[in-house]
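Hi,

Here is the structure I promised to pass on.

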Amino acid sequence: MPALMRFEVDEPESGVRLDVYLADSDDLDLTRSRIQKLIAEGCVTVNGQPVGRPSYRLKAGDVVAIVVPEPVAPRVEPEDIPLDVVCEDEAVLVINKPRGMVVHPGAGNYTGTLVNALLYHCKDLSGINGVLRPGIVHRLDKDTSGLLMVAKTDRAHQFLAAELKARRILREYLALVHGTPQKDAGTVDAPIGRHPRDRQRMAVTRQGRPAVTHWRVAQRYAGYTLLQLRLETGRTHQIRVHMAYIGYPLVGDLKYGRAKAEFGLSGQFLHAGRLGFTHPATHEFMEFAAGLPAELAAVLEKLTAV
């Protein structure tokens, strides 16, 4: 079935073009050109009325609805890929995702993903996100390791998605950054949207969606700092963008940091170490922790030995 999604425009997004607003949505994961086509086809309404112009300027309080047809894609096959299962019951699954694993299939990348592994491991994933993202409530970048929750039923998916939107999910990360902040803790409150010139990147921009990251120093090294970060919102690449914005880019982040690999890392030093949420069936708060993978722990050992 086609997916129907609704969004209410916040005050900071007032005046933003309709196509830009939808393209910046973390929930849609659609290109701007694809969104423009859906607008032209009458699949997008504002306050219940079709809007045929991608350039329509939104106002605070507008309710935007979009019908996204089911993706036409190659069948995603189950694959016997080992999973580090932290917790599992009839409603949810918590996975410790390794670095280098893509969460869900995309163009030219339909094998070896977490979804392929989940389809083999589980026979009853939530189908809310369609065939390409069954059970996926939130994502981690390919080179970000750590804890990820997966919904096994549609009811669990709806509950966890609502908790995520209401900012009641605990998500804490460890990141190694360049530089040494003078303060021991701080908050970055800066909106994030698509980069105005490079649509493959995100950036702090006035037209972006609200984004808040709390950070504190976990350990200082010569020229580097290990930070513990807590997400209040969950925009695409939020930690990577926010840390680069305040002058402390992540080690190994070639997209937003220094254009040179360090410590032999393949990708950014970022690990989702703590995850907490209210269980959709029992309504008890559950919290999980996962230690650094060996590749990242080895980097800290090298810095400690200096």
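Below is what I found, starting with the ground rules.

This is a predicted model, in which local features need pLDDT of at least 70, side-chain atom pairs count only at pLDDT 80 or more, and totals for chains, interfaces and linings use all residues. Residues are numbered from 1 along each chain as its sequence is written, and side-chain values use heavy atoms, with hydrogens and water left out.

**Cores**

The largest nonpolar core has 31 residues, and Leu118, Tyr173, Leu229, Ile239 and Met243 touch the most other members. By nonpolar core I mean a set of buried Ala, Val, Leu, Ile, Met, Phe, Trp, Tyr and Cys residues joined through side-chain atoms within 4.5 Å. Buried is under 20% relative accessible area, exposed is over 50%, and partly exposed is in between (1.4 Å probe, protein chains only). Among the elements that give two or more residues to this core are helix H3 (114-121), strand E8 (170-178), strand E13 (224-231) and helix H5 (238-245). Helices (H or I, at least four residues) and strands (E, at least two) are DSSP runs, numbered from the N terminus. Another core, of 22 residues, lies apart from this one and includes Ile39, Tyr56, Leu58 and Val64.

Leaving out residues up to four places away in sequence, Tyr173 touches Leu140, Thr144, Leu227, Gln228, Leu229, Leu231, Ile239, Leu270, His271, Ala272 and Gly273; contact here means heavy atoms within 4.5 Å.

H5 is largely enclosed by the rest of the structure, because six of its eight residues are buried. Those are Gln238, Ile239, Arg240, Val241, His242 and Met243. Just after H5, Gly247 takes a positive phi of about 95°.

**Loops**

Arg209 sits in the loop between strand E11 (202-204) and E12. Arg209 is buried, at a relative accessible area of 14%, and among its contacts beyond four places in sequence are Glu13, Asp24, Asp26 and Arg235.

Compare Arg168, in the loop between helix H4 (154-165) and E8. Arg168 is partly exposed, at 48%, and touches Glu163, Gly276 and Phe285, again not counting residues up to four places away. Its C-alpha atom is separated by 8.3 Å from that of Thr278, 110 residues apart along the chain.

Gly267 lies in the loop between H5 and E14 and is buried, at 15%. With residues up to four places away set aside, Gly267 touches Arg99, Asp143, Val251 and Gly252.

**Cysteines**

How many disulfides does the structure hold? The count is zero, a disulfide being a pair of cysteine sulfur atoms within 2.5 Å. For Cys122, the closest cysteine sulfur is in Cys87, 12 Å away, so that is too far for a bond. Cys122 counts as buried at 4% relative accessibility, and Cys43 counts as buried at 18%.

**A pocket**

The second largest pocket holds about 200 Å³ of space. A pocket, on a 1 Å grid over the protein atoms alone, is an open set of points where a 1.4 Å probe fits, with protein on both sides within 12 Å along at least five of seven lines; lining residues have an atom within 4 Å of a point. Grid points are joined across faces, edges and corners, and the volume is the space filled by probe spheres set on the points. Of the 13 lining residues, Val20, Asp24, Arg32, Arg199 and Gln207 lie nearest the centre of this pocket.

Cheers
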